[in-house]
Amino acid sequence: MGQTAMMNALTRHTTSLNGKWQVIIDPLESGNWKQIWEDRKSEKKTDFVEYSFDGSPMLNVPGDFNSQMTELTYYEGMVWYKKTFNYSLQPNKRLFVYFGAVNYTTDVYLNGVPIGSHEGGFTPFQFEITGKLKPGENSLIVRVNNRRHADGLPGSGYDWFNYGGITRDVLLIETTDSYIKDYSIGLQKNSTATITGWIQIDGSHLSQMIEVLIPELNILYKSQSNEKGFAEIKINSKMKLWSPDSPKLYKVTVQCKTDTVTDEIGFRQISVRGPQILLNGKPVFLKGINIHEEIPQRSSRAWSESDALVLLSWARELGCNMVRLIHYPHNENMVRLAEKMGLMVWEELPVYQGIEFTSPGMDQKLGLMLREMITRDRNRCGVIIWSISNETNPSAPNRNEALIKLSQQCRQLDSTRLITSAMSSQRYENNTFELWDPLYPWFDIMAINEYAGWYISWQGKPKDTKWKLIIHDKPVFVSEFGGEALYGNTAGAPDEAFSWREEYQEQIYKDQVEMFGTIPNLSGVCPWILVDYRSPVRMHPVYQQGWNRKGLLSDRGDKKKAWFVMKNYYEGGTRDMEPGARKK
Ligand code: GCB
């Protein structure tokens, strides 16, 4: 098994293994696995070895394989990757091979020997390879398989593109013998003047003096770690709080005799009080946008800081103060840049629609993925919400038990953020929405995905919509709404194109904005979706062509008419409907 990756991997002492990797594409899952991972070569004439990394095609890492070779466009299956490297490790140092994410299953071999496996396409993991290196050239072989599984996370059906391969950074990370593996530093719940957290050392020298330095706040805090390498921290200090208007981050150094790690950390308080969401104690309306981890210009998985800048700049331009990064944890660049830009983040597990909650081992899989997500991002003050699922079916066996347990685990791992799930279980009859899901009591926010005007018709005037809520004093958040339009398909188009027109989508947005004024406890909204994205289930040959066209932007970044309705709403121009002007 892989280990959960160390905190703040990207700023450690790293050697990148990114770049060109040799690959063997293995659609029938050849059966000669051992020969491949041992990279066996033929020794005599009659020795037939019918594969070879030498002379094989190359793929870029990070990068999904589907977008790099036409033959792999719709490929879901096995690909073997190989990279060689030289490394000389000094005594008393340790070496890890770190993967930012690989979709979906990974098996790793170093110099012909298996070193571990991982399941899950969107979270980081690492293997220690201290003592496993050879002098001279070392060979790292990675078997990746993005075949969908009914008992996977996500399961076998989803409305996005199943980009496979080594989609994020691969790094060698060198540490000292006893290194600071993990730490948690943030404001204590319900306080704006006390920093609490802990530090965890891993190695043979566990009990040490530990220091936390925040020079700008004149903080030098000292503590002693116990025999398990664990130290708690508690520091009283005044500081400038992080918020969208002022996304202040402080340089923080954590050090002990054997290691030093530096991070940028902000401090903010997020909570709910009755029907309101409070940021730093003040009510905040979440002006959100849904974003997939896809960069439409390349039709591929997004992974770099520049990809993140493109996507998040659009969110900013729309007037957002929050992004819902759906439907799986996005790469760390995305989360870190959002925080720097003052965008609050909703982060989500790939527990999407048809999950097999009763399949053996599902409990552990859910728990592990949750831990991997929180472990990576618990020091990101920009992250305000953990979403543990999207549109699971209330009547699926064991669904309620599994998600209640997951929500409890989530709260145990992190009690300082809000917990929710996006639901589509509501009833809509007689122009009345009824939010009844039995999971709502376990969450801090009642989130609802609704597609009035698209998948269901309005049953009355949007401004006359009525609401019945299972809980009366919790924030309500519209986590999805919208409809499709092909950019440029406007008023003059033939009649059968009507429902794919920009005007049709624009009208949905106008109606939704009117309807928002009727929602009790509304604490934010989040259109589906920022930009058109690839989804093979969207098969209309003229209007979709394998793209979900619900974007406010086309796949080339052109603004559709609905964009302006939303921007106007967020920037306060829609009279009576603007968040600040809504009656309580
Ligand atoms: C949803 C899902 C989202 C879909 C969207 C749609 O409810 O949560 O993943 O892609 O609807 O376009 O239908």
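First stop: select Gln545. At 51% relative accessibility, Gln545 counts as exposed, because exposed means over 50% relative accessible area, buried means under 20%, and partly exposed is what lies in between (1.4 Å probe, protein chains only). You'll find Gln545 in the loop between β38 (533–534) and β39. Helices (H or I, at least four residues) and strands (E, at least two) are DSSP runs here, numbered from the N terminus. Check the backbone too: phi of Gln545 is near 50 degrees, a positive value in a residue other than glycine.

Before you go on, a word on what you're looking at. This is a predicted model, where local features need pLDDT of at least 70 and side-chain atom pairs count only at pLDDT 80 or more, while totals for chains, interfaces and linings use all residues. Residues are numbered from 1 along each chain as its sequence is written, and side-chain values use heavy atoms, with hydrogens and water left out.

**The ligand**

Now select the ligand. Which residues come nearest to the ligand? Of the 14 residues around the ligand, they are Asp159, His327, Glu391, Tyr455 and Lys550; a residue is near a molecule if one of its heavy atoms lies within 4 Å of it. Sorted by class, this shell has five nonpolar, four polar and five charged residues. For that sorting, Ala, Val, Leu, Ile, Met, Phe, Trp, Tyr, Cys and Pro count as nonpolar, Asp, Glu, Lys and Arg as charged, and the others, Gly among them, as polar.

Show the side chain of Glu391: an N or O atom there is 2.3 Å from an oxygen atom of the ligand. For Arg538, the distance from a side-chain N or O atom to an oxygen atom of the ligand is 3.1 Å. On its own the ligand has 310 Å² of accessible area, and the protein covers 94% of that (Shrake-Rupley method, 1.4 Å probe).

Stay on Glu391 for a moment. Glu391 sits in the loop between β30 (383–390) and α5 (399–413) and is buried, with a relative accessible area of 15%. Its phi is near 50 degrees, a positive value in a residue other than glycine.

Next, click His327, in the loop between β28 (322–325) and α3. The peptide bond leading from Ile326 to His327 is cis, with omega near -20 degrees. For another cis peptide bond, go to Val61 and Pro62, where omega is about -5 degrees; Pro62 is in the loop between β4 (58–61) and β5 (78–86).

**Along helix α3**

Select residues 332–341. Is helix α3 largely enclosed or exposed? Nine of its ten residues are buried, so α3 is largely enclosed by the rest of the structure. Among the buried ones are Glu332, Arg336 and Met341. At the N-terminal end, Asn331 caps α3, with a side-chain oxygen 3.1 Å from the backbone nitrogen of Asn333. After α3 comes Gly342, whose phi is positive, near 80 degrees.

**Rings**

Colour the aromatic residues. How many aromatic pairs does the structure hold? There are 28, counting rings of Phe, Tyr and Trp (its six-membered ring) whose centres lie within 6.5 Å; planes under 30 degrees apart count as stacked, over 60 as edge-to-face and the rest as tilted. Zoom in on Tyr569 and Tyr570: their ring centres are 5.8 Å apart and their planes meet at 40 degrees, so this pair is tilted. Tyr569 is buried at 0% relative accessible area, and Tyr570 is buried at 2%.

Then select Phe122, Tyr158, Trp160, Tyr328 and Tyr352, which ring pairs link into a cluster.

The charged end of Arg143 is 3.9 Å from the centre of the Trp33 ring. Lys248 does likewise over Tyr250, at 4.7 Å from the ring centre.

**Last stops in the loops**

Select Asn489, in the loop between β36 (476–480) and α6 (502–516). Asn489 counts as buried at 9% relative accessibility, and a polar atom of its side chain lies 2.9 Å from the backbone oxygen of Trp500. Finish at Ser457, in the loop between β34 (446–449) and β35 (466–469), which counts as exposed at 55%.

How values were computed:
Polar contact = N/O pair within 3.5 Å; in protein donor to acceptor, adjacent residues only side chain to side chain. Lys NZ or Arg CZ within 6 Å of the ring centre and 35° of its normal.
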